[in-house]
Amino acid sequence: MAGHGHEEAHDETAGPKVLAVSKVSPKVRTIAVVRPSEHDVTYLEAARKGLGVTLRHFMKNFFGKRRPAEALAKGEAVEPRSRFKPAWNEIETIQYPEEKTHYPERFRGLHRLMQREDGNVRCVACMCCPTVCPANCITIIPAESDDKGVEKKPAVFEIDELRCVVCGLCVEACPCDAIRMDSGVHAKPVENRGDAIMTRELLLGLSADVGKDPQSTATQGGEGPDWRG
Ligand code: SF4
Ligand code: SF4
(Lines give C-alpha, C1' and ligand atoms only; values in the text may rest on other atoms or scores of the structure.)
(Ligands and ions follow the chains in the order given, each with its own letter.)
Protein backbone atom coordinates (compact mmCIF):
# COMPACT_ATOMS: atom_id res chain seq x y z
CA MET A 1 0.00 0.00 0.00
CA ALA A 2 2.89 2.39 0.77
CA GLY A 3 4.02 2.08 -2.89
CA HIS A 4 0.65 3.60 -3.95
CA GLY A 5 1.07 6.71 -1.79
CA HIS A 6 -0.68 5.18 1.24
CA GLU A 7 0.54 5.19 4.83
CA GLU A 8 -0.41 2.73 7.53
CA ALA A 9 -3.23 3.91 9.81
CA HIS A 10 -4.99 2.61 12.87
CA ASP A 11 -8.71 2.46 13.06
CA GLU A 12 -9.77 4.55 16.05
CA THR A 13 -13.49 4.57 15.43
CA ALA A 14 -16.12 1.91 15.13
CA GLY A 15 -16.83 0.64 11.66
CA PRO A 16 -14.76 -1.00 8.94
CA LYS A 17 -11.12 -1.46 9.81
CA VAL A 18 -8.99 1.11 7.93
CA LEU A 19 -5.72 -0.42 6.74
CA ALA A 20 -4.20 2.61 5.07
CA VAL A 21 -4.98 6.25 4.15
CA SER A 22 -3.80 7.93 0.93
CA LYS A 23 -1.21 10.67 1.47
CA VAL A 24 -2.45 12.54 -1.60
CA SER A 25 -6.14 12.38 -0.79
CA PRO A 26 -6.92 11.39 2.81
CA LYS A 27 -10.45 10.47 1.81
CA VAL A 28 -9.08 7.56 -0.17
CA ARG A 29 -8.67 4.71 2.24
CA THR A 30 -7.97 1.03 2.13
CA ILE A 31 -10.31 -0.90 4.36
CA ALA A 32 -10.48 -4.53 5.34
CA VAL A 33 -13.60 -6.14 3.95
CA VAL A 34 -15.03 -8.55 6.47
CA ARG A 35 -16.83 -11.40 4.78
CA PRO A 36 -19.43 -13.37 6.78
CA SER A 37 -18.36 -16.82 7.74
CA GLU A 38 -19.78 -19.79 5.88
CA HIS A 39 -21.76 -20.52 9.01
CA ASP A 40 -23.48 -17.12 8.88
CA VAL A 41 -24.00 -17.13 5.12
CA THR A 42 -26.39 -20.08 5.33
CA TYR A 43 -28.67 -18.29 7.85
CA LEU A 44 -29.36 -21.72 9.34
CA GLU A 45 -28.39 -20.64 12.83
CA ALA A 46 -30.60 -17.53 12.66
CA ALA A 47 -33.51 -19.59 11.27
CA ARG A 48 -33.08 -22.12 14.07
CA LYS A 49 -33.19 -19.37 16.71
CA GLY A 50 -36.25 -17.74 15.12
CA LEU A 51 -38.14 -21.02 15.00
CA GLY A 52 -37.25 -21.59 18.64
CA VAL A 53 -38.80 -18.23 19.62
CA THR A 54 -41.93 -19.00 17.57
CA LEU A 55 -42.28 -22.42 19.19
CA ARG A 56 -41.81 -20.95 22.66
CA HIS A 57 -44.62 -18.43 22.10
CA PHE A 58 -46.86 -21.10 20.59
CA MET A 59 -46.42 -23.40 23.58
CA LYS A 60 -47.01 -20.56 26.04
CA ASN A 61 -50.21 -19.42 24.35
CA PHE A 62 -51.49 -22.92 23.61
CA PHE A 63 -50.99 -24.39 27.07
CA GLY A 64 -50.97 -21.15 29.04
CA LYS A 65 -53.74 -20.32 31.48
CA ARG A 66 -56.18 -17.54 30.70
CA ARG A 67 -55.87 -14.48 32.91
CA PRO A 68 -58.78 -13.96 35.35
CA ALA A 69 -61.70 -12.05 33.75
CA GLU A 70 -61.73 -9.48 36.58
CA ALA A 71 -58.10 -8.65 35.94
CA LEU A 72 -58.83 -8.28 32.24
CA ALA A 73 -61.77 -5.95 32.82
CA LYS A 74 -59.88 -3.74 35.23
CA GLY A 75 -56.69 -3.78 33.22
CA GLU A 76 -54.80 -4.98 36.28
CA ALA A 77 -51.38 -6.47 35.97
CA VAL A 78 -51.31 -10.13 36.92
CA GLU A 79 -48.45 -11.58 38.87
CA PRO A 80 -46.24 -13.73 36.69
CA ARG A 81 -46.83 -17.39 37.34
CA SER A 82 -44.13 -19.40 39.03
CA ARG A 83 -41.70 -21.31 36.89
CA PHE A 84 -43.41 -24.57 37.80
CA LYS A 85 -46.80 -23.50 36.42
CA PRO A 86 -47.70 -22.78 32.80
CA ALA A 87 -47.27 -19.13 31.82
CA TRP A 88 -50.23 -16.82 31.24
CA ASN A 89 -51.77 -17.00 27.83
CA GLU A 90 -50.98 -13.76 26.01
CA ILE A 91 -53.38 -14.07 23.08
CA GLU A 92 -56.56 -14.71 24.99
CA THR A 93 -59.85 -14.08 23.20
CA ILE A 94 -62.16 -11.58 24.87
CA GLN A 95 -65.76 -12.78 24.78
CA TYR A 96 -67.14 -9.35 23.87
CA PRO A 97 -69.74 -8.04 24.73
CA GLU A 98 -70.18 -10.31 27.76
CA GLU A 99 -66.59 -9.52 28.72
CA LYS A 100 -65.05 -6.15 28.20
CA THR A 101 -61.42 -5.36 28.28
CA HIS A 102 -59.98 -2.34 29.99
CA TYR A 103 -59.55 0.80 27.88
CA PRO A 104 -56.85 3.30 28.73
CA GLU A 105 -57.94 6.45 30.57
CA ARG A 106 -57.26 8.60 27.53
CA PHE A 107 -59.56 6.56 25.30
CA ARG A 108 -61.94 9.07 23.73
CA GLY A 109 -64.68 7.08 22.08
CA LEU A 110 -67.24 8.39 19.65
CA HIS A 111 -67.98 12.08 19.26
CA ARG A 112 -71.02 13.65 20.85
CA LEU A 113 -72.79 16.89 20.09
CA MET A 114 -73.69 19.15 22.97
CA GLN A 115 -76.94 21.02 23.42
CA ARG A 116 -77.89 24.27 25.13
CA GLU A 117 -80.01 24.47 28.24
CA ASP A 118 -83.04 25.13 26.00
CA GLY A 119 -82.45 21.84 24.18
CA ASN A 120 -81.13 23.29 20.92
CA VAL A 121 -77.88 22.02 19.51
CA ARG A 122 -74.91 24.19 20.50
CA CYS A 123 -73.34 23.98 17.07
CA VAL A 124 -73.64 27.24 15.14
CA ALA A 125 -72.48 25.70 11.84
CA CYS A 126 -69.36 27.88 11.78
CA MET A 127 -67.60 25.20 9.66
CA CYS A 128 -64.41 25.31 11.74
CA CYS A 129 -64.44 21.57 12.43
CA PRO A 130 -64.94 20.35 8.84
CA THR A 131 -62.26 22.84 7.78
CA VAL A 132 -59.69 21.53 10.24
CA CYS A 133 -60.61 17.85 9.92
CA PRO A 134 -57.69 16.07 8.21
CA ALA A 135 -59.86 13.11 7.21
CA ASN A 136 -62.54 15.28 5.63
CA CYS A 137 -65.18 13.20 7.39
CA ILE A 138 -67.47 15.90 8.81
CA THR A 139 -70.43 17.01 6.69
CA ILE A 140 -72.42 20.04 7.77
CA ILE A 141 -75.25 21.71 5.91
CA PRO A 142 -76.07 24.99 7.66
CA ALA A 143 -79.52 26.42 8.03
CA GLU A 144 -80.90 29.63 9.48
CA SER A 145 -81.53 29.44 13.20
CA ASP A 146 -84.89 30.24 14.78
CA ASP A 147 -83.04 31.65 17.77
CA LYS A 148 -82.48 35.37 17.18
CA GLY A 149 -79.23 35.30 19.15
CA VAL A 150 -77.76 32.58 16.95
CA GLU A 151 -77.21 33.04 13.26
CA LYS A 152 -77.02 29.45 12.02
CA LYS A 153 -77.59 25.87 13.08
CA PRO A 154 -76.64 22.60 11.39
CA ALA A 155 -79.55 21.22 9.40
CA VAL A 156 -77.30 18.24 8.71
CA PHE A 157 -74.33 17.27 10.87
CA GLU A 158 -72.72 13.96 10.05
CA ILE A 159 -69.42 12.32 10.94
CA ASP A 160 -68.17 9.31 9.04
CA GLU A 161 -66.59 7.37 11.88
CA LEU A 162 -64.87 5.00 9.46
CA ARG A 163 -62.85 7.84 7.99
CA CYS A 164 -62.20 9.61 11.30
CA VAL A 165 -58.63 9.28 12.52
CA VAL A 166 -59.57 10.22 16.10
CA CYS A 167 -57.21 13.18 16.13
CA GLY A 168 -59.52 15.40 18.20
CA LEU A 169 -58.84 18.50 16.11
CA CYS A 170 -62.56 19.11 15.63
CA VAL A 171 -62.96 19.39 19.40
CA GLU A 172 -60.03 21.78 19.66
CA ALA A 173 -61.29 23.93 16.80
CA CYS A 174 -64.86 24.33 18.03
CA PRO A 175 -65.33 27.85 19.43
CA CYS A 176 -68.50 27.04 21.41
CA ASP A 177 -67.94 23.64 23.03
CA ALA A 178 -70.46 22.04 20.70
CA ILE A 179 -68.54 18.85 19.97
CA ARG A 180 -66.67 16.62 22.39
CA MET A 181 -64.90 13.30 22.23
CA ASP A 182 -65.38 11.82 25.66
CA SER A 183 -68.29 9.41 25.29
CA GLY A 184 -66.04 6.39 25.80
CA VAL A 185 -68.30 4.52 23.40
CA HIS A 186 -66.54 2.19 21.00
CA ALA A 187 -67.49 2.50 17.33
CA LYS A 188 -69.91 -0.29 16.54
CA PRO A 189 -69.05 -2.89 13.90
CA VAL A 190 -70.92 -2.31 10.64
CA GLU A 191 -71.48 -4.26 7.44
CA ASN A 192 -72.20 -1.26 5.24
CA ARG A 193 -70.02 1.83 5.16
CA GLY A 194 -73.07 4.07 5.41
CA ASP A 195 -73.97 2.59 8.79
CA ALA A 196 -70.80 4.07 10.28
CA ILE A 197 -72.03 7.61 9.68
CA MET A 198 -73.16 9.29 12.90
CA THR A 199 -76.05 11.64 12.27
CA ARG A 200 -76.86 14.76 14.26
CA GLU A 201 -79.50 12.91 16.30
CA LEU A 202 -77.15 10.02 17.10
CA LEU A 203 -74.41 12.45 18.11
CA LEU A 204 -76.81 14.39 20.32
CA GLY A 205 -77.95 11.15 21.98
CA LEU A 206 -74.50 10.23 23.30
CA SER A 207 -73.32 11.47 26.64
CA ALA A 208 -70.21 11.22 28.77
CA ASP A 209 -72.04 8.78 31.01
CA VAL A 210 -74.13 6.55 28.80
CA GLY A 211 -77.19 5.14 30.56
CA LYS A 212 -77.37 7.88 33.19
CA ASP A 213 -77.40 11.08 31.19
CA PRO A 214 -78.76 10.41 27.71
CA GLN A 215 -78.31 14.01 26.64
CA SER A 216 -75.35 16.29 26.86
CA THR A 217 -75.97 19.84 27.97
CA ALA A 218 -73.14 22.33 28.09
CA THR A 219 -73.56 25.54 30.04
CA GLN A 220 -72.74 28.73 28.19
CA GLY A 221 -69.20 29.72 29.14
CA GLY A 222 -68.76 26.64 31.33
CA GLU A 223 -69.31 26.38 35.06
CA GLY A 224 -66.75 25.51 37.71
CA PRO A 225 -64.55 22.42 37.65
CA ASP A 226 -67.47 20.27 36.44
CA TRP A 227 -67.97 22.25 33.26
CA ARG A 228 -67.52 19.08 31.24
CA GLY A 229 -70.35 17.32 33.04
S1 SF4 B 1 -61.35 13.54 15.39
FE2 SF4 B 1 -60.07 14.36 13.71
S3 SF4 B 1 -60.50 13.05 11.98
FE4 SF4 B 1 -62.14 12.68 13.47
S5 SF4 B 1 -63.79 14.07 12.91
FE6 SF4 B 1 -62.53 15.16 14.41
S7 SF4 B 1 -61.03 16.32 13.19
FE8 SF4 B 1 -61.93 14.76 11.84
S1 SF4 C 1 -66.61 23.93 15.12
FE2 SF4 C 1 -68.27 23.61 16.61
S3 SF4 C 1 -69.76 25.21 16.15
FE4 SF4 C 1 -68.38 25.08 14.38
S5 SF4 C 1 -69.40 23.67 12.97
FE6 SF4 C 1 -68.03 22.43 14.23
S7 SF4 C 1 -69.27 21.71 15.96
FE8 SF4 C 1 -70.37 23.40 14.98
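Here is a quick tour of the confidence, the strands and the surroundings of a ligand.

Keep in mind that this is a predicted model. Averaged over the chain, the pLDDT comes to 82, and 80% of the residues reach 70 or more.

Now for the strands. S5, S6 and S8 make up an open sheet, lined up in the order S5-S6-S8 with antiparallel pairing. Strand S5 (138-144) and strand S8 (197-198) sit at the edges, each pairing on one side only. Strand S6 (residues 152-160) is tied to S8 by 2 bridges, and Asp160 has Ile197 in S8 as its bridge partner.

Elsewhere in the chain, strand S2 (residues 17-22) runs antiparallel to strand S3 (residues 29-32). A hairpin of 6 residues takes you from S2 to S3, and Val18 stands opposite Ile31 in S3.

Here are those two bridged pairs side by side:

| Strand pair | Bridges | Direction |
|---|---|---|
| S2 and S3 | 4 bridges | antiparallel |
| S6 and S8 | 2 bridges | antiparallel |

Last stop: ligand 2. Which residues come nearest to ligand 2? Out of the 13 around ligand 2, the nearest are Cys123, Cys126, Cys128, Cys129 and Cys174. As for class, the shell around ligand 2 holds 13 nonpolar residues, with no polar and no charged ones.

Notes. Residues numbered from 1 in each chain as written. Chains lettered and ligands numbered in written order. Predicted model: local features only at pLDDT ≥ 70, side-chain atom pairs only at ≥ 80, totals over all residues. Pairing = 2+ DSSP bridges. Near = placed C-beta within 6 Å. Nonpolar A, V, L, I, M, F, W, Y, C, P; charged D, E, K, R; others polar. pLDDT = per-residue confidence, 0-100.
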